[in-house]
Amino acid sequence: MTDSTDPRFTALGGRPGKIVAVHLSYASRADQRGRRPAAPSYFFKPSSSLAPSGAEIVRPAGTELLAFEGEIALVIGEPARWVTPDAAWSRVASVTAANDFGLYDLRANDKGSNVRSKGGDGYTPLGPALIDARDVDPENLRLRTWVDGELVQDDSTAGLIFPLARIVADLSQHFTLETGDVVLTGTPAGSSVVTPGQVVEVQVDAGALSTGKLRTTVVQGDRAFDAAIGSLPAADDTQRTEAWGSPEAAAAARSGDAGETGGEAADEPVSVASPVLATGSGPLSPALRDKLSRVPVAALSGQLRKRGLNDVTIDGVHPLAPGSRFVGTARTLRFVPHREDLFAAHGGGQNAQKRAFDAVEAGEVIVIEARGETGSGTLGDILALRAHARGAAAIVTDGGVRDAEAVAAVGIPVFAAGPHPAVLGRRHVPWETDVAVGCGGTTVEPGDILVGDGDGVIVIPPALADEVADAALAQEEEDAWIARQVASGHPVEGLFPMNASWRARFDSEKNA
């Protein structure tokens, strides 16, 4: 089969010499990602990744994060080398629709090259029709993407950070763009994950002219990657957020609200967040919150101990502001020990730390695993303000706090191991959210109930919370009665704890 008859190259009429793609070019996408580049950056895709409209794309076994990116593709008509932005558009022959699919499970392994994550067979559908570039205004092209008929991307080239002509001119500074080469010009906000059975359609319009809809169907593959040959897919919080487009969408997907995420053919299980994270509701009803707000942590500790739970206190943390008290459900954030290369990969942009503070819901407690390392801050006043604005109940960290006085003044209860002026990157890498963490010597799961006061912070399993709260309130009533007897001059012997005689007296007065 010659290139001219190969169905992969139907729209182009032949195999392109190269496909160049822009990493980040739309303002809407940059704002969503929390980073805006000063200049465009690029990666190559193999021509073997091209596919025609109507083709299927295979999601490999053992993966979950196949994401679409509706894009405008430029087809070069004349060679371009060292052209100016003013002259660059004259080198473009045509415009068409493209879908820059990527497998985010492999993205971290590629370290920006996208060779494996975006180079797969069928990962660059293109077409179905070409629009003559001479007939369009490059600053007024419309791009739309649909998933199962629902419009999910709708933007125009007016929203580009880098105009199309500038992208062509910039590339021509580095190498010759040859006739037939394809330039993928980036995707706007709305890119997200698709799963087997879903259909993605992309269309580019220039006034009355249109490419028509570029249609791709996702199917599940039965062949997995081989660990004996190369690196395996791996999905973490960073890649899930980037693939789904936001922390909220990623959390909903992991709780099952956004459809299938792993498929029955997946080789690795997908972590599922607690329902409290996805719905904002959970085991902490207003009535239970009210009861727990009236019980000291010490009383709760005693009741949990009676039920065999001794390792439920977050040790070594203290309130920054005297008199702080809170009740809430856990939203977790985990830091790992600092390593320069890992911090470079995970510490910037909308990292796990920022995602946790942006996603915390009213009544939740951000619980940070810092391994008891107090040699740097784990948050400062800006993040404390963000959590307060979101309605968070408190912040608990077994690490340090920067800007401690300013944090204390924000008004949100913060329990920490102490102040420290250094930034996060001195000791920690923000790693993941909404997983079980170890904080102050105890395990905290997302959705656990936490109560804090001057005595410290305690973790209550949700299934026991009502029982423990009622028992603690009853014990507090009893202890208050005993305290009144002692204050009036009675000795503690036989009264604390109460013998049968004192018990009968207490019951009589309580029921009177």
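I began just after helix H13, where I found that glycine 391 takes a positive phi of about 85 degrees. For my own reference, helices are DSSP runs of H or I with at least four residues, strands are runs of E with at least two, and both are numbered from the N terminus.

I noted that this is a predicted model, in which local features need pLDDT of at least 70, side-chain atom pairs count only at pLDDT 80 or more, and totals for chains, interfaces and linings use all residues. Residues are numbered from 1 along each chain as its sequence is written, and side-chain values use heavy atoms, with hydrogens and water left out.

Next I looked up H13 itself (residues 381–389), where Leu383, Ala384 and Ala387 are buried (under 20% relative accessible area, with a 1.4 Å probe and protein chains only). Seen down the axis of H13, these buried residues fall within an arc of 105 degrees, so they line one face of the helix; the arc is taken from the directions from the helix axis to the C-beta atoms. On the other side of H13, I found Ile382 and Ala389 exposed (over 50%).

I then turned to a helix pair, H9 (residues 286–293) and H15 (residues 465–487), which pack at an angle of about 40 degrees with their axes 9 Å apart. The contact (heavy atoms within 4.5 Å) is made by Leu288, Lys291 and Leu292 of H9 and by Ala465, Asp466, Ala469, Asp470 and Leu473 of H15.

Definitions and conventions:
Axes are lines fitted to C-alpha atoms, for helices over the stretch in contact, and angles run from 0 to 180 degrees between N-to-C directions.
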